Amino acid sequence: MTDSGLVSLLIPAVGGQGGGVLSEWIVEAAALDGYRAHGTSIPGVAQRTGSTTYYVELVTDRDATEDPAFSLYPVPGALDVLLAPEFLEVGRMIEAGFVSPARTTVVCSTHRLYTIHEKTATGGAIYPRERLDALARATARRLVAFDALSVARERGTEVNAVLLGALAGSGALPVGVAAFRNAIESRGVQVASNLKGFEIGLEMARAAAASSGTMSGPGANGGVSGTPPGSPDSTESLRQRRVRRDFAADLGALPDAVRGVVEHALPRLVDYQDAPYARRYLTRLRPFAAREAVGAIVARHLATWMTYEDAIRVAQAKTRASRFARIRGEMRAGDAVIEVTDYLKPDLDEIWGILPHRLVAPFARWAERRWPHGRPTLGQHVRTTTVSGYLRVWLLARLRALRPVSWRAHAEHGRIDRWLEAVERALAWDEALACEVAQLARLVKGYGDVRRRLAALFDTGLALALSAGEIEARRRAGFAVSTALTERFRTLVLEGPDGETRAAALAAAANAHVAAGDLDGLHTLVTRSAAGIG
Amino acid sequence: MGERSFAEDVKQLGYGRGQTLRGEGILAITKALLQSGVSYVGGYPGAPISHLLDVLADANESLLKPLGIYYELSGSEAAAAALLGASINYPVRGAVTWKSVVGTNVASDALSHVASAGVLGGALVVIGEDYGEGASILQERTHSSALKSSIPLLDPRNTLQSFARFVEEGFGLSEACNEPVFFSIRIRACHMRGTLACRDNVRPAISMRSPLQAPSFSLERINLPPFTYAMEAKKFEQRLPAARRYILERGLNEHRPGTEAHLGIVMQGGLWNTTVRGLHLLGLADLQGRTPVPLMILNAIHPLVPEELLGFLRGKKRVLVVEEGMPNHLERELKALAHEAKLDVEIGGKEFFSPHGEYVPALVVGGLRKFLVSANPTAQSVTAIEDRYAALTAHREVVRAALPEPVSKRPPSFCTGCPERPVFSAMKILRTQDPSVGDTHVAADIGCHTFSTQAPFNVGNSVLGYGMGLASSSAVAPLFNKRVISVMGDGGFWHNGLTNGVANAMYNRQDSVLVILDNFYTSATGQHHNPSTGTNARKEPTGMTIPQALRGVGVSWIRTVDSYDIPKMIGTLRDALTTRAKGLKVVIARGECQLERQRRLRPLQRTRVAAGETVVQPRFGVDPDVCTGDHSCMRLNGCPSLTLRESPDPLREDPIAHVDDTCVGCGVCGEVAHAAVLCPSFYQVRVIANPGRWTRLVDRLRRAVIGALAPA
């Protein structure tokens, strides 16, 4: 608070991030530089992974002879610096009113530690980064934002030290750079590494100040929007190029939006089975290929569905040379030896899923009645870095030749065909509805019981879309209701188990309206459901 | 013991006159106890006062023993309060501490007795007010306890120097009025960093080094009729009046006159910082809190001194009371005083702020503005106040416009690798896989494990008090069509659970299941030692175990399970819930608190790796091309290190699971996926640093064979 002779700083951290150390450095640095400063915190119960806050105040007049009445709390609208080691916490502090365009400098790391609610949805529920970005830009007087976590990891130092450097470099506090360095030294913990991090952050903030003043932006962010370590490596690209060459003619015939997806899909299908299998994919895609919107959705989901994760696929993925290279990289193993143990537990369906359909179909039908939930399983911990363990999984992957006639293939392709028929039928009515029907395939994922549960919901959704579409087709007044209904059903399922229950209830209520031919009732139901009522 | 090492703080506790202590508020309080010549200190840990007990535990050998001071980490707040019994018969000073209001509730019985009998030596209770933001407990005022037991209550201004002064005054006050005294301190004040000009520590006259020689007996100090009647009378006829005299004579409350003589603000000392900052922001005070508005800062909020308050009220038109929480004892007593004295003054309080909740700056500034604008101060025009207030709040519009929907909440949960998490994974898996057995009432308890009630587990139907899990299901169990489960931590078990829970259940022949989470420490308070840790806070061996205690009260069905062994835990829970054996079934889930374990292990492993020794570090991972991104694993686990990342497969829209580098290799994610039959995505990696020659050779051979077979 420059007008009143105080500077205030708030650190919102996630329990376990070391916000305490950060605030102690700042108080110490201020004291070493001759400023009266104090800090306080509320670690409390939130220490265990919840939100914690640390607060620091210092008097700008070094010659002040008495302490001010320090505040124990940050004051919304009167905060000078927000120093945040995580990006969502920036959003939460803005929401709480601590960031004001008139005076608050925000220095933060843009990496994310996801909350439990973001993690537990079946679909994607991550709070949109762009929204946090826009929020920070709209409300901060100055913004110094970058992914301090990836910087720290790359350079072998700590996030907090990098952020302290960025704070020093931002010039938001009157404290001199040397005092910050001295504070790190006087605390005496991991001094070398922390000083290194401090210099990196200092440099970054100074460079930002010299250019535009902010350094945020999607390009500067790692985490979810960055390149994950598991991305396709060069060998895959090579394979990709080869496949693309082989299928050049087919690809050339596709509209741009669809081709982009198919280019990724074909190598995956060839790798999964063989070139004829990829041709089968193209044949199935053909009816939709000309319609860009629905074509792109079908192309995407058809590709992932046709490469469903049976035991053979899992074995394939677990035995690649690139997998072990990736693990070594992720563990930063260096010259250490690594031993990998895989947690495998196929259930009955997955075991005979790889056997010929004709052979096991009767048993499968019986087993379904015998164990409607929780089929018997074959749990094992396989050490895939030993020769014998590797061989077991490797041999399983060799069973690929059996796949086309397997029980699982029969079941999956049957369901795929029903899906495609439904999309085709919807497309004859309305493209927007067809897109929604195509999107339902997003529900089919997971293994074992999870997959069976989600597939059953997929079936429900498909039937629902078609029967509602049927009614609207008769009325000839567009397909807004069935489109909205299908979309709502999918959204609910992707929210997680509670959403699944609500989706099932929605479907049951909708079916009653459909049976009664009550389109208005259906419309009200969808509107209410989307508004979170009922 | 404790979350940190306190070597530096222990050193500062030894400081004498002329030296300056730098540290947190709670350290200043601790130092002031030694400067007051205490003969004994005890208490039960909990935020925000754990530090007092931790640092004294570390100071026991070097500082307390030489001074002859007895120190204990008490078994419960009741035991701590009973410690004050020493001051009833003997002129010894002593202090105890706990988290309030819950600790005060537990301590109530002993506390009432001490307050009734009265004390000869100063007895101070340092009350850590866990109220408002960051609080982990129910929200009530300790003030009401002080009133009912006639215990003076200090709530001093927030500076380290003030804390020290009021600790010392607290002992004086206690001895002047023969009552124990509450010294109340809030969370943020406990953790505020500042400086204290020290005085020398005082060696107590009566101590373990110069012990008492003969017992002191007086019927008048026995809480039995007819003496209890006399004690009651004494409280109001002698002790409280004496307290008022002391408060007045020593100037414990601060009257700060000002030029706006028709106005006044009365506040709890602990709210002084926020109040004067609020005035400052509205342009009515300087940074030090000097203001034209007359202030009455009540560092002693019970008993109030009528003549002092009337002196302040007299001649004023409008007075504002800044008092946190309900009931608003101060405001009501002030109004009553003014009424009885027939003063023409309008007294307001709660209507300007809020009837409940912590007095945070936004609330206080808003209330001060409302009061000042309506009371029309002369020195500063109303417009100036309004302008300053508008400047403080203008940005709220910008935020509202930029924020279409609320930002995600971040509830606290179990730490990475916590041994309690897998137990609730097991309970949730059992509930899902076998609802006829597992979908039952779960009585939760206080501890880190209370997080089981939060996402993603939502296991636990009630939380009712520390160690009270089992007792709280006593009436639910017989009314339920299947066996119910109660949960207790080892901390809660020793605090209250053994007697009120287990003994009560055995005595009443309850047929239910108790799960004891034994992580070797009372972790929620900061990894404090408890009877089954093996040693007490003074690091003396204890030799007490939970199974022994259970057998001692007659429990025969006891199963101990490694808490990370999820299949075994599921099986054991199923057994306990379905066995034909009647009576109490106890499952002890054992696994060391991972925070404490890592704190010990990590530095050790770093040194060993640096020294070239072979170190095996387990970690977990997820195969990104095997995970389909359904997140079932998260719903049964919730480990902070099990997180999300974008699928490397551009065809997949939803994020996939990912184990980040904070993983400690506890294996729960893999075990959960295994036990709940989720997916084959998880793998364990054992990273062997500095492997021996033989390990290297075998590794090279294996990699040669696998490399020859492996496709790219």
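**A glycine in a helix, and beyond**

Guide: Let's start with Gly295(A), which sits in helix 13 (residues 292-306) of chain A; helices here are DSSP runs of H or I with at least four residues, strands are E runs of at least two, and both are numbered from the N terminus. Keep in mind that this is a predicted model: local features need pLDDT of at least 70, side-chain atom pairs count only at pLDDT 80 or more, and totals for chains, interfaces and linings use all residues. Residues are numbered from 1 along each chain as its sequence is written, while chains are lettered from A and ligands numbered from 1 in the order in which they are written.

Gly295(A) counts as buried because it has 26 C-beta neighbours inside 10 Å. The cut-offs are 20 or more other C-beta atoms within 10 Å for buried, 12 or fewer for exposed, and partly exposed in between, with C-beta atoms placed from the backbone. Setting aside neighbours within four places in sequence, Gly295(A) is in contact (C-beta atoms, placed from the backbone, within 7 Å) with Pro255(A), Val258(A), Phe288(A), Ala289(A) and Ala290(A). Ala438(A) is 143 residues away in sequence, yet its C-alpha lies 9.1 Å from that of Gly295(A).

Now for a strand in that chain. Strand 7 (residues 337-344) of chain A is mostly covered, with 6 of its 8 residues buried. Strand 7 of chain A pairs (DSSP finds at least two bridges between paired strands) with strand 8 (residues 380-383) of chain A, antiparallel and over 4 bridges. There, Leu344(A) faces Gln380(A).

Strand 7 of chain A also reaches across to the other chain: 6 bridges tie it, again antiparallel, to strand 23 (residues 682-689) of chain B. Ile338(A) is opposite Val687(B), and Asp342(A) has Tyr683(B) as its bridge partner.

What about the chain-chain contact as a whole? It brings 102 residues of chain B together with 109 residues of chain A. The chain B side divides into 54 nonpolar, 27 polar and 21 charged residues.

Key: Two residues are in contact if their C-beta atoms, placed from the backbone, lie within 7 Å. Ala, Val, Leu, Ile, Met, Phe, Trp, Tyr, Cys and Pro count as nonpolar, Asp, Glu, Lys and Arg as charged, and the others, Gly among them, as polar.
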